Amino acid sequence: MDAALMPLLVVSLVLCLLAAAPAASAARAFFVFGDSLVDNGNNNYLLTTARADAPPYGIDFPTHQATGRFSNGLNIPDIISEHLGAEPALPYLSPELRGEKLLVGANFASAGVGILNDTGIQFVNIIRIGDQLQYFREYQRKLRALVGEPQATQLVNQALVLITLGGNDFVNNYYLVPMSVRSRQYALPDYVRFIVSEYRKILSRLYELGARRVIVTGTGPLGCVPAELALHSQNGECAAELTRAVNLFNPQMVDMVRGLNRAIGADVFVTANTYRMNFDYLANPQDFGERRRRGAEPKPKGFTNVQVACCGQGPYNGIGLCTAASNVCDNRDVFAFWDAFHPTERANRIIVAQFMHGDTDYMHPMNLSTILAMDQEGL
C-alpha cells in the first residue's frame, strides 16, 4: 500500500469510530433556588448574619473548609449534582461563575429567605426570591452572550431546577416572635392559603423564565428540629404549632403544584415530600445505617441521635449558632441534625436517595431517576 495513503486511512477510521460511538453528552445544567437548606455560599458575599462561612461548618467537606453550606459536608444540591454526573453549580455571586462554568448552571439560593419578602428581615441583607429570579434572568443574558440564544434557550429548557421555600415563612416570620405582624394579620389557615398562592406566582415566573423540569420541595418536620425542641419541648415531643402549620402547608402546596401542571398541560413541576423523607429516619432511626467504611462491621449502625444537633449548645444543642465554641459530636454519620435547623450530610444523602428512587408517596408524579431516563430518551 502506498505509504502516502496511510494518514488518510487512519483519519477515516477514526472518524468512522467516532460516528459509530454514542455521543458523550455533557451533564445537564442545574439551577437551585431557595433558602439555607440549598444555599451553597451566596450569603458569603453579603453583609448578613445568615452565614455558614466559619468552622466547624464544612468539617466533612472534601476541603474540610467552611464554604457557606449549612452542613458538616455536602448539602442536597451537591448530592443531586453527583447523581447528574456534574460538578456542583457555583453560587451565583461567586466571581468564578463565568465562561464555561456558566454551562454547569448556577445556585441562586440564599439562607433566610422565604416565599414572602418580609420573611427573614432580621437577617438584613439576603437574596429574596424575587431577586433570585431576577438574577436568573441576568444569568441567561450572560449565557446568551457566551453560546448564542438558541443554545442558551435549550440549556435552560433542558436543565434540572430545584426550589426549596416555605420553612422560613413559619420559623422566621409567622412564629418568629409572639404576636408577629403576620400572625396578627392572619389566622394560621388563612396565612397558609396566602403563602401557597404567593408560591404559585413564583413557580409561574420560573416557568416563564424557561424552567421545564422543576423539583418543588415541601416543608420538613419543622416542629422536630433541635431549635424548636429547645424552645417548646418538655419530653422530646415535636412542637405542636409548627407541626400543625406544616400539616396545613404541605398538602395545599401539592394541590397548587398539580393545578399549575394542569394549567400548563405538562408535568413541569414535581413535588418532593421532604416531610416524609425526613420523618422516616426521625421516627425509625435504627433502620438507617451509616455509610459503610473500609473494614467496618457487616451490619452498619443506624442513627443514634435524631433530636440533639451535632453542633450547638443548650438543650438539644438547639440554642444559638453553630460556632467554634459549640459542642461538636465526634461521629456526624450517626446524627440526623448538624446544627439547630439543618440535616447532616448523612441525612441529606438519605433524602436525595428518595429524590432519585422514591415512589409516588415521596416524589409525584415521578422520581428523579425516571425524569432523567425519560429526558435522555427524548434527546
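Start by selecting Ser36, Leu37, Phe70, Ser71, Asn75, His342, Pro343 and Asn348, which line the largest cavity. This is a predicted model, where local features need pLDDT of at least 70, side-chain atom pairs count only at pLDDT 80 or more, and totals for chains, interfaces and linings use all residues. Residues are numbered from 1 along each chain as its sequence is written, and side-chain values use heavy atoms, leaving out hydrogens and water.

A cavity is a set of points, on a 1 Å grid over the protein atoms alone, where a 1.4 Å probe fits but cannot get out; lining residues have an atom within 4 Å of a point. The largest cavity has a volume of about 50 Å³, the space filled by probe spheres set on the points.

Next, select Phe30, Val32, Asn40, Pro77, Asp78, Ser81, Pro88, Ala89 and Asn107 to see the lining of the second largest cavity. Strand S1 (30–34) and helix H2 (76–84) each give two or more residues to this lining; helices (H or I, at least four residues) and strands (E, at least two) are DSSP runs, numbered from the N terminus. The cavity holds about 30 Å³ of space.

Now move to helix H9, residues 240–264. Colour its buried residues (under 20% relative accessible area, 1.4 Å probe, protein chains only): among them are Leu242, Phe249, Met253 and Leu260.

Note on methods. The expected span of a helix is 1.5 Å times one less than its number of residues. Buried means under 20% relative accessible area, exposed over 50%, partly exposed in between (1.4 Å probe, protein chains only). On a 1 Å grid over the protein atoms alone, a cavity is a set of points where a 1.4 Å probe fits but cannot get out, and a pocket is an open set with protein on both sides within 12 Å along at least five of seven lines; lining residues have an atom within 4 Å of a point.
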